[in-house]
Amino acid sequence: MAAVGEAAAPSTWTRRSVWLSRIESPLAPYYLVLGSTLALTVIGLVMVLSSSSVTSLKGGTGSSYTEFLNQARFAALGLPLAWVASRMPKRFWTRFAWPMLAVGLALQVLVFTGMGREQGGNRAWIYLGGGIVLQPAEVCKIALIVWGATVLARKRPLLNRTSHLLVPVVPGALAVLGLVLLGRDLGTAMILIAVVATLLFVAGAPMRWFTIGGGLAVSAVLLLVTGSQNRSNRLAVWLSGCANPDMLGCWQPAHGRYALATGGWWGVGLGGSREKWNYLPAAHNDYIFSIIGEELGLPGTFAILALFGLLALGLYRLVVTSDDLMVKIAAAGVFTWILLQAVINMSVVVGLLPVIGLPLPLVSSGGSALVTTLFALGIVLGFARRVPGAPEALAARGSVVKRSLAVVPLRVRRTGRNQP
């Protein structure tokens, strides 16, 4: 029996070594981010088509594909932009960090001009003509991350001084935050607060500042919630548990959970949703996760969770493997933006949080959100291509297929060592 046990141990270690080698490969962040991003985008397009077919048909266009084609056009724009962003060197982003922030602020100011549009009580969009509507806060997320990472990295020798740590990052962030809150978009403001906190944390800010800032942020959010009848109603509905779905504000969260319950273990089949027939508001947007659960069941929802998990792992590996502070800070900011927003969206759908109004990144319908998220991930992919060891690994593989296999380790012997 002892001989059997001794023989089994190397085999177990071998399997673990293979998986550890894959995760620790210098190209792992690149392929994890790339693969999960493409998969989520494709699933999003399919589910937008399924969840929006009824509302598109009733929208007066006479077609069930209106919303899907709109989303597909933005995907067709966002994917090439992401590819271009992935080819830009880091110095390009550091050179244009300040102009990017200025453009983001200027677009956010346009929300309060005649170009601004209001929806759901929030004034957060601008009309560009030709049926194109842009949400400037999405642009501000990218600009704030690139600008904040650039400024903090340049001031690295001075970050032990509070004045240099907080200025100009905090005043710049407050300018963006103030304009977003002026449009009453509290959900986006909460994401921005978390992003700025992440940038400062990775840069090495003392924990006492997070205690102070966290207290101020929580107090401000509570004040904004209690000062708005709409937000107060959402909170009251959530605390009540929506025992009566006909209660004011209960219809959407109740029907979102009905969709998940109807889907059960295996779902009712792609395209077979009942809730999308004008029962569940924003079925193709904020509540698309409910339709995924209804049509694709637990396998569908677990697939979404797994893909966001792989995206999180890829971004985390980029943060820990990069030797460049600007890359670390920017990747961590994108990590917080996308993953926190995904967690909030899915938590709202299952009833763990009150309705906040944040879409599911890469999956929900929304042109400007899709394009800017893909663009941000394109920047991250460019950073991932240049972590220590990645350029050599890419250059060593001639074809696209061989480069794709660069993330896979060589066959491991029973001794646990890589075979030459």
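Predicted model: local features only at pLDDT ≥ 70, side-chain atom pairs only at ≥ 80, totals over all residues.

Me: Which element gives the most to the lining of the second largest pocket?
Reply: At least two residues of this lining are supplied by each of α8, α9 and α10 (207–226). The element that gives the most, with 12 residues, is α10.

Me: How many nonpolar, polar and charged residues does the lining of the largest pocket have?
Reply: The largest pocket holds about 1400 Å³ of space. Its lining is made up of 50 residues, and nearest its centre lie Asn122, Trp125, Asp286, Gly357 and Leu358. Sorted by class, the lining of the largest pocket has 22 nonpolar, 20 polar and eight charged residues.

Me: Turning to the cavities, which element provides the largest share of the lining of the largest cavity?
Reply: The structure holds two cavities of 30 Å³ or more, and in the largest of them lies about 70 Å³ of space. Of its 14 lining residues, Pro359, Leu360, Pro361, Leu362 and Ala369 are the closest to its centre, while the elements giving two or more residues to the lining are α14 (325–350) and α15 (367–384). The largest share, three residues, comes from α15.

Me: And which element provides the largest share of the lining of the second largest cavity?
Reply: This cavity holds about 60 Å³ of space, and among the residues that line it are Ile142, Val146, Trp337 and Phe383. The lining divides into 10 nonpolar, no polar and no charged residues, and α6 (136–154), α14 and α15 each give two or more of them. The largest share, four residues, again comes from α15.

Me: In the salt bridge of Asp324 and Lys90, how many residues apart are the two partners?
Reply: The side chains of Asp324 and Lys90 meet with a distance of 2.6 Å from N to O, and a salt bridge needs that distance to be within 4 Å. Asp324 is partly exposed at a relative accessible area of 22%, and Lys90 is partly exposed at 29%. Asp324 belongs to the loop between α13 (288–321) and α14, whereas Lys90 sits in helix α4 (residues 90–95), so that the pair links distant parts of the chain, 234 residues apart.

Me: Are Lys141 and Glu138, which form another salt bridge, buried or exposed?
Reply: The closest N and O atoms of Lys141 and Glu138 are 3.2 Å apart, and the two residues, three residues apart in helix α6, are separated by about one helical turn. To count as buried, a residue must have under 20% relative accessible area. Lys141 has a relative accessible area of 2% and Glu138 has 3%, so both residues are buried.

Me: Why do the buried residues of α3 line one face of the helix?
Reply: Helix α3 (residues 66–87) has 22 residues that should span 32 Å at 1.5 Å a residue, and its end C-alpha atoms, 33 Å apart, agree with this. Its buried residues are Gln71, Phe74, Ala75, Gly78, Ala82, Ala85 and Ser86, whereas the face turned away from the buried side carries the exposed residues Arg73 and Trp83. Seen down the axis of α3, the buried residues line one face because they fall within an arc of 115 degrees.

How values were computed:
Residues numbered from 1 in each chain as written. Heavy atoms only, no water. 1 Å grid on protein atoms, 1.4 Å probe; cavity = no way out; pocket = protein on both sides within 12 Å on 5 of 7 lines; lining within 4 Å. Points joined across faces, edges and corners; volume = space filled by probe spheres on them. Nonpolar A, V, L, I, M, F, W, Y, C, P; charged D, E, K, R; others polar. Buried < 20%, exposed > 50% of the residue type's maximum accessible area, 1.4 Å probe, protein only. Expected span 1.5 Å × (residues − 1). Arc of directions from axis to C-beta.
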